[in-house]
Amino acid sequence: MSGATWRSLKSPWASYFGTHYASAPDGSGIAWKTVRSYGGTHVGMHVADNESVPPLKGPFTGKDIRFQLSDFHAARGGQSALQLIPELIEHDLTAIYLMTNIVRPSLTAFDQDRAYWAVRLIHERYPKAADHIVWQIGNEVVSGHFDPRGVWRNMPRDQRRQAGMKEDNFFGYDLKWKEEYYVNSYLAPAVEAIERASRDVYGDPRRIRIALGSMNPYNRPNLTFLKNVMGRTFNSPHAESLKGEAVTKHIDFLTVHYMTGSSKSIDTLQLYHDDYLKSGHVKGIWVTEDHGHAGLGPVTIIERGFRFMDWAARNDLSAVQTRLCWWGERQVEAGGRGEVATTIIGDFLAGRQLQILSESIEAGRVCAVRDDHEGRVQRVLIALVPEKRSEIEIGALRIPLLQTRSDQWRAEAIQYSATGPGKPFDAEVRTDKGRIHVELNRRFSEPALLLLSSTESSTPYKPKLDLPNENNESPIDWDRARRVNQRFKRGEKLSAADQAFLERAQRARGQSNGRRPPDNQGANQRSNPNPESRNRVAGPRISTDVSPIEEIKVKTSDDREAIAVLHKPPGQGPFPAVVLLHGGLAKLKMEQLAAQARSGPAHTRLLAAGFATVTATFHARGRDPQTSKALIDCLAIIDHIKQRPDIDQKSVVLYGGSGGGSLALELAGEMDLAAVAAGEPAILLFSGILNKSNVRQLEKLKTADPKPLYSPQLREQTQRKVQRIRCPLLILHGDVQPTNSYRKEILVPELSAAGKKFEQILYSDEPHGFYFGQRYNDPANVEKCLRDAITFFQLHVKVPAQPIVLQMTDDDRPSSPNRRRSSPEERRSSPAENELNWVDPNQEALQEHSTRLFTATRLMRPSATSSTCRLSIEQSRLVAFQCYTGCMGEAAASGQGPTLWNERRS
């Protein structure tokens, strides 16, 4: 290789690259420094309206805006801006956030007040954010992603491809109309709102950086659209201050997608560089998405990454002027995960001043990157990149050095493939007359990496390969397996590769008794950060001697029988009661209900907190999900419970999950209840979308877009249900279940529009069913969920729940905060012993001596009949926590909760 064309890189290697989906800084600084939507999903961060916060006055229309920084999070929840923005600053990362998630494109006027406050709140709280955030005004604005008319969203899937690639009607849009809409109805008001926020925070309207909406300019419609937009001036009635101003005057970065796939794409990228970056119209050209669904893992990363870096070096560009964000590099492809290659390359070159050399050879290219450590070379990375469907034969490589004190070099060589994981191979290396000689004598039809390091390096470099399993197969991507299986169930024709992959996944699942093998998880499989949390969440075992279980059978209004199980705290009552409604469409048997009442984590915790628990079931809905018989069963059971003298009829609450959560919402509109908590309620049922005509398509509906399914008739029906709701609601949800999109798109907007009182709480990374303690990733989330529900109920019941009263003998009472460990005989004789340590709610009162906690508990229920139980110090803290929340609920109106607690605990 010639030494005349070595070019210095103006920035560190990782600064030129970015990723998607990241919600933590892990890996940053090595493989990437930019994140498209840090903390969010592919489409980025959202802002949830919050009626409980004081209003912010909009500077454009004067309307009230109600949200705060804690309301900035991903579409399915997750960390908020309060955690994410400080991480960006601390780790020196750049996030690209999409304005289309703050204000959706539509035919209504752009909400500048909302955009203004969304931007201002972040930058006002964190002034350094201007160096770490870029606001992108749209994602692939020529495609169906930017859909103000809903044309693409409402178009049947079989018609989308037909409407896709027409020059004058791209994805169902007339491009002249869309260009006018984008420039003057969306881009102009968005820019005006951001610049006003920038001026109000920094005194400079251009301090906050703005990127033009991304485009895919590898076809004529996109090429024309981008050229037209960049040549326009604003003439918008929605942004008077920008009239007559050139679009390029207000844009910092031009953003494009998939521009490194071929030399032709690089030629287009060069054209944009010459027209817009070199001429000074923009500060940079960023490729905010590459690799994609068609990516082949490390093969694609190496081909496109070095093509991009060669272009950046030829134009002497820094990482401010250009960078590339990978999308899908964590997917487990046949050839392995693309992030394996990005990490190896980034780790090998991290913290070094670099020079790059790229030379064309017959049927391919050779790219080399060497460091410059005080005028000496210590590391050289070589990428061998054959052209597609070509083969190159290399006997030896000779790479010029700067200076080196050592003649001893090590070589690590990796051959990558689109059909299998990367494999090491042998390469001999030596130095002679200022050059490195690498003996290969191999043919290459796919990319390979050579990592050369001198013995002057402090530690030898050993790459971490994405090693195959014992059958020479790459790890299974279980997310891909789920998607392929859904397509198979829908009757779609699978490719030979997908069919083979599905069969392999089914074999692996069968070998592990239907469970995903933990040692063979794909990169996208959600992993549990705490190995101990795989232990089952156990519920408190309350002796049936002191708290008996009673079977309930009642006649319904249509002369059928409804069944349930009642489990009361000790004493005469009256007690507040919680009716628990299970998920699914099937009806449970009495013995199943009794088992849940005795040992279910949610059921027993509610009982220990002082609620009478009613574990109910309902008529099966497998054939007709909209049958009224399920609702009738629940009404009969609750009416019976309310008539009992040991239950306070104004202190009955509901706790339902999934299908039971849907029923709980309906019951909230059919009768008087104190409160309802619903865990990921099945809005497919509540809205009427799932019915007997499509019940067999349930799996397909779970992942479908709710909007086209939500017809005007179903909307009117759902709005009537919502209007009838007359009690406070608490919605508990995770961010894994795909049906959460129905909650976001249907339930939340309808509750907000109707002015109903409701709260939502997110429990990150938790699967469907976590609210019952059935399936979960982190038991702390289950415990927090149940505490949140208990606290919510306490605030709304008329008769506060009082925890089961404990009596302690002098022998049991500890002499220090750390209670002695009971003997095995004691534990066997104590049916109420709890096996679970509750997470400390961080209340100061809970740090007190356990004796005082027990005393406070007794004082909270002076009239109750006591029962002898033995509980641990952690259980006593749980009981004290319930006492605390009881005080809060009892004195919420007067604000005397803390005072009451202090009086009673002392």
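This is a predicted model: local features need pLDDT of at least 70, side-chain atom pairs count only at pLDDT 80 or more; totals for chains, interfaces and linings use all residues.
A cavity is a set of grid points where a 1.4 Å probe fits but cannot get out.

Entry 1: I searched the whole structure for cavities of 30 Å³ or more and recorded six. I then turned to the second largest cavity, whose volume is about 80 Å³.

**Entry 2: the lining.** Which residues line the second largest cavity? I listed Trp13, Phe17, Ala31, Ile301, Gly305, Phe306, Trp326, Thr342 and Ile345. I next sorted this lining by class and found seven nonpolar residues, two polar residues and no charged residues.

**Entry 3: elements around the second largest cavity.** I asked which elements give two or more residues to its lining. They are helix H7 (298–314) and helix H8 (338–349). Helix H7 gives the most, with three residues.

**Entry 4: a sheet.** I moved on to an open sheet of three strands, and I wrote down its order as S21-S25-S24, with antiparallel pairing. Which strands form the edges? I identified strand S21 (392–400) and strand S24 (428–432), each of which pairs on one side only. From one strand to the next, I recorded an average twist of 20 degrees.

**Entry 5: pairing in the sheet.** I reminded myself that strands of a sheet pair through backbone hydrogen bonds, either parallel or antiparallel. For S21 and strand S25 (residues 435–444), I noted the antiparallel sense and counted eight bridges. I also looked up isoleucine 392, whose bridge partner in S25 is phenylalanine 444.

Definitions and conventions: Residues are numbered from 1 along each chain as its sequence is written. Side-chain values use heavy atoms; hydrogens and water are left out. Two strands pair if DSSP finds at least two bridges between them. Helices (H or I, at least four residues) and strands (E, at least two) are DSSP runs, numbered from the N terminus. Axes are lines fitted to C-alpha atoms, for helices over the stretch in contact, and angles run from 0 to 180 degrees between N-to-C directions. On a 1 Å grid over the protein atoms alone, a cavity is a set of points where a 1.4 Å probe fits but cannot get out, and a pocket is an open set with protein on both sides within 12 Å along at least five of seven lines; lining residues have an atom within 4 Å of a point. Grid points are joined across faces, edges and corners, and a volume is the space filled by probe spheres set on the points. Ala, Val, Leu, Ile, Met, Phe, Trp, Tyr, Cys and Pro count as nonpolar, Asp, Glu, Lys and Arg as charged, and the others, Gly among them, as polar.
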